[in-house]
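Subject: Structure for you to look at

Hi,

Here is the structure I promised to send. Please open it alongside this email and follow the residues as you read.

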Amino acid sequence: MKKISKIALGLSATAIALGLYINNQCFVAKEEKVTLTNEKLKNPIKITQISDFHSNAIKNLDELLANIKKFDPDFIILTGDIIDYGTENKIKRSVYFLEKLSRLNKITYYITGNHEEGGPNLDVFLNEIDRLGIKYLRNEGENLKINGNDLYLYGTSMFDFSYKNYKTSDKNVNIILSHFSKKVRDNYRGDEDFVFSGHTHGGQVRLPIIGGLIAPGEGVLPDFDKGTFKFKNTIIYVDSGLGNTFLPLRFLDQIQYSNITLVPVV
């Protein structure tokens, strides 16, 4: 009986420890610092990327905001699925987060993901985006001059992805915002310098060496699950997201936001 009791106690302790670990992975955000290079750049550019928030309740929100403020990005990009589904409560939760973020007084760009476009009340959420002064890019671009660099920022839609309004020049550093990087890979032009995406959640459950087990749209053992990838002439960065959908389940894949520095080739 003592032996059985010890086994039961051990299993209970393991279950509790695992539950606490998964809870931390799902609701405590970490800062991911990323450095990417391009020969067109004259000076560094700093970008904060937030993706796949999914109306999450982040436990260390104040720390997240403080880290972004300290990083002092030139602009912020929101790469889709900021709401989980267009219910009143989930929209309110996402807007609460965006209101906090907007107090940093940084130019912010937003594109939609599958959860916004596939769910109800997108117009309600877009009204809130507009109220907060966030720029919504729907298959459209904007020319930017930052730290002596000429940038072309083009934001795409998820379900009606199009390059029809894409207008740039050879001198520009071309940055594409695409919720799902496969959309760009399948419609590749060749002049995309950087692509910033999300959607995959990093596979949510990851294993050492192997990486993500499965990701939406990328299948089993996906190639473009999380992090930095070279695709032909382009650097693709996939952020694994700040939230969870369906179930709060993450393993070796803590929710994150990315503070990205683009630097010249030395």
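Below are my notes on the charged pairs, one hairpin and the nonpolar cores. Keep in mind that this is a predicted model.

**Salt bridges**

The structure contains 16 salt bridges. Start with D193 and K40, whose closest N and O atoms sit 3.0 Å apart. D193 is in the loop between helix 6 and strand 9, and K40 is in the loop between strand 1 (30–38) and strand 2 (45–50), so this pair ties together parts that are 153 residues apart in sequence. D193 is buried, at 9% relative accessible area. K40 is partly exposed, at 28%.

Next, look at K226 and D253. Their salt bridge has its closest N and O atoms 3.1 Å apart. K226 belongs to the loop between strand 13 (219–220) and strand 14, while D253 belongs to the loop between strand 15 and strand 16 (256–264), so the pair links parts 27 residues apart in sequence. D253 is buried, with a relative accessible area of 0%. There is also a network: E99, E128 and R131 are joined by salt bridges that share partners.

What does E192 do without a salt bridge? Its place is the loop between helix 6 (181–186) and strand 9 (194–197). E192 is buried, and the nearest side chain of opposite charge, R189, is 5.0 Å away. E192 has polar partners instead. Its side chain makes a polar contact of 2.8 Å with the side chain of Y163. A polar atom of the E192 side chain also lies 3.0 Å from the backbone nitrogen of R189. Beyond its neighbours within four places in sequence, E192 is in contact with several residues, including N174, I176, V184 and N233.

**K232, out on a loop**

Is K232 buried or exposed? K232 is exposed, with a relative accessible area of 57%. It lies in the loop between strand 14 (227–231) and strand 15 (234–238). K232 and G190 are 42 residues apart in sequence, yet their C-alpha atoms are 7.7 Å apart.

**The hairpin**

Strand 6 (residues 140–146) and strand 7 (residues 149–155) run antiparallel, joined by seven bridges. They form a hairpin with two residues between them. N147, in the turn, has a positive phi of about 50°. Within the pairing, E142 stands opposite L153. The side chain of E142 also meets K135 in a salt bridge of 3.2 Å, N to O. E142 is partly exposed at 21% relative accessible area, and K135 is partly exposed at 35%.

**Nonpolar cores**

In soluble globular proteins, nonpolar side chains tend to be buried together. The largest nonpolar core here has 26 residues. L64, L78, L98, L101, F125 and L242 have the most contacts inside it. Helix 2 (61–71), strand 3 (75–79), helix 3 (88–102) and helix 5 (122–131) each give two or more residues to this core. Helix 3 gives the largest share, five residues. Not counting residues up to four places away in sequence, L64 touches A29, I58, F97, L242 and Y257.

Best wishes

How values were computed:
Residues are numbered from 1 along each chain as its sequence is written. This is a predicted model: local features need pLDDT of at least 70, side-chain atom pairs count only at pLDDT 80 or more; totals for chains, interfaces and linings use all residues. Side-chain values use heavy atoms; hydrogens and water are left out. Two strands pair if DSSP finds at least two bridges between them. Helices (H or I, at least four residues) and strands (E, at least two) are DSSP runs, numbered from the N terminus. Buried means under 20% relative accessible area, exposed over 50%, partly exposed in between (1.4 Å probe, protein chains only). Lys and Arg count as positive and Asp and Glu as negative; His and the chain ends are not counted. A salt bridge is a side-chain nitrogen of Lys or Arg within 4 Å of a carboxyl oxygen of Asp or Glu. A polar contact is a pair of N or O atoms within 3.5 Å; within protein, one must be able to donate a hydrogen and the other to accept it, and residues adjacent in sequence count only if both atoms are side-chain atoms. Contact means heavy atoms within 4.5 Å. A nonpolar core is a set of buried Ala, Val, Leu, Ile, Met, Phe, Trp, Tyr and Cys residues joined through side-chain atoms within 4.5 Å.
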